[in-house]
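I opened this entry to look up the salt bridges. My notes follow the structure.

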Amino acid sequence: MTVPVLPTARLGTDGPFVGVQGLGCMGMSDFYGPTDRPEALATLDAALEAGVTLFDTADAYGFGRNEELIGPFVRANRDRVVLATKFAVERKEDDPSHRGIRNDPAYIRAAVDASLRRLGVDEIDLYYMHRRDPAVPLADSVGTMAELVRAGKVRQLGLSEVTGAELREAYAIHPIAALQSEWSVFARDVERTAVPAAAELGVAFVPYSPLGRGFLTGVFQAAEQLAADDVRRTQPRFTGANAAANAELLAPLREIATARGVTLAQVALAWVHQRAEVHGLTVVPIPGTRKRSRLAENTAAATLRLTAEELARLEPVAGEVAGDRYPDMRFTQVGRE
């Protein structure tokens, strides 16, 4: 399959230009069951050749091993890669169920140094606060992130899963290049306050899970088919009656895909890309994959345009989805709106 090189867009008002679709690297190391390391590494190279330049990881993915995995690739292509990583989700390898949220200045300073060491680079292009701890004032957390920019450890700042009000408050402390939150045909709560604020401020929106963690590909049938250590087994939209109900919602995507001769995933990604025009902001989705075949399929969707009639058929889907995005929604933006 021949994939055209992606067009580019700018992150924020003075950030780097990147391909309009990035690559989420999380699944190469964690959360979605066994992975094929050589194929994952080959996928990184294939992505770069297709025009993907924004590569997204986090210190929490694989307890730091995802940063270590992509580090050699980043270093070998440093002048072409825009590297994004994150802090704030505290995990413990001796207690895999532990999830803490840390935004305190001392933690941030230690986290960035640890990420730089694992990645083997001198500077991170885009450094996100992965989740917001509302007990820590943004003046402290974003203020500390701004110190990292001045110290030359970080070039641009990003936030994840914050409300519109929080984004505005943070931006007043230091310019924010990108806001990363879940956004897909199945998940549109960001459109309440976060998307309008990003559009107003000139902040790029980086949708994660634009394929609904794989649900929107049409391949998923039941949680029981997933690997025993696949985190989706615990997510409400993938379990029991919710999963069955949500599978029925794929009908309009399947009909559009069949008529167009494309895949369900491509329809879902095209919908996300066209949010840029609908809401008047830069949108750079980061679908995750660890296979070159899926990478080619995903990047081809960046130039697929849905008609007004097709978009209208997809409009009601999100409002009918059964189940929350996470078992615990407290640390998502919608949980604080």
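The entries below cover the salt bridges I looked up.

Entry one. I am working from a predicted model. I looked up the total and found 26 salt bridges in the structure. As background, I noted that side chains of opposite charge can pair when their charged atoms come close.

Entry two. I looked up Asp 56 and found a salt bridge to Lys 86, with 2.5 Å between the closest N and O atoms. I placed Asp 56 in strand 4 (residues 54-56) and Lys 86 in strand 5 (residues 82-87). The two are 30 residues apart, and the pair links distant parts of the chain. Are these residues buried or exposed? I found both Asp 56 and Lys 86 buried.

I turned to Arg 325, whose side chain meets that of Glu 161 in a salt bridge at 2.8 Å, N to O. Arg 325 is in the segment after helix 12 (308-314), while Glu 161 is in the loop between strand 9 (154-160) and helix 5 (164-173), so this pair ties together parts 164 residues apart in sequence. I noted Arg 325 and Glu 161 as both buried. I also found them in a network of salt bridges that links Glu 161, Glu 182, Asp 189, Arg 213 and Arg 325.

Entry four. I looked up Glu 309 and Arg 313, which form a salt bridge at 3.9 Å, N to O. They are four residues apart in helix 12, so about one helical turn separates them. Glu 309 is partly exposed, at 47% relative accessible area. Arg 313 is also partly exposed, and I wrote down 30% for its relative accessible area.

Conventions
Residues numbered from 1 in each chain as written. Predicted model: local features only at pLDDT ≥ 70, side-chain atom pairs only at ≥ 80, totals over all residues. Heavy atoms only, no water. Buried < 20%, exposed > 50% of the residue type's maximum accessible area, 1.4 Å probe, protein only.
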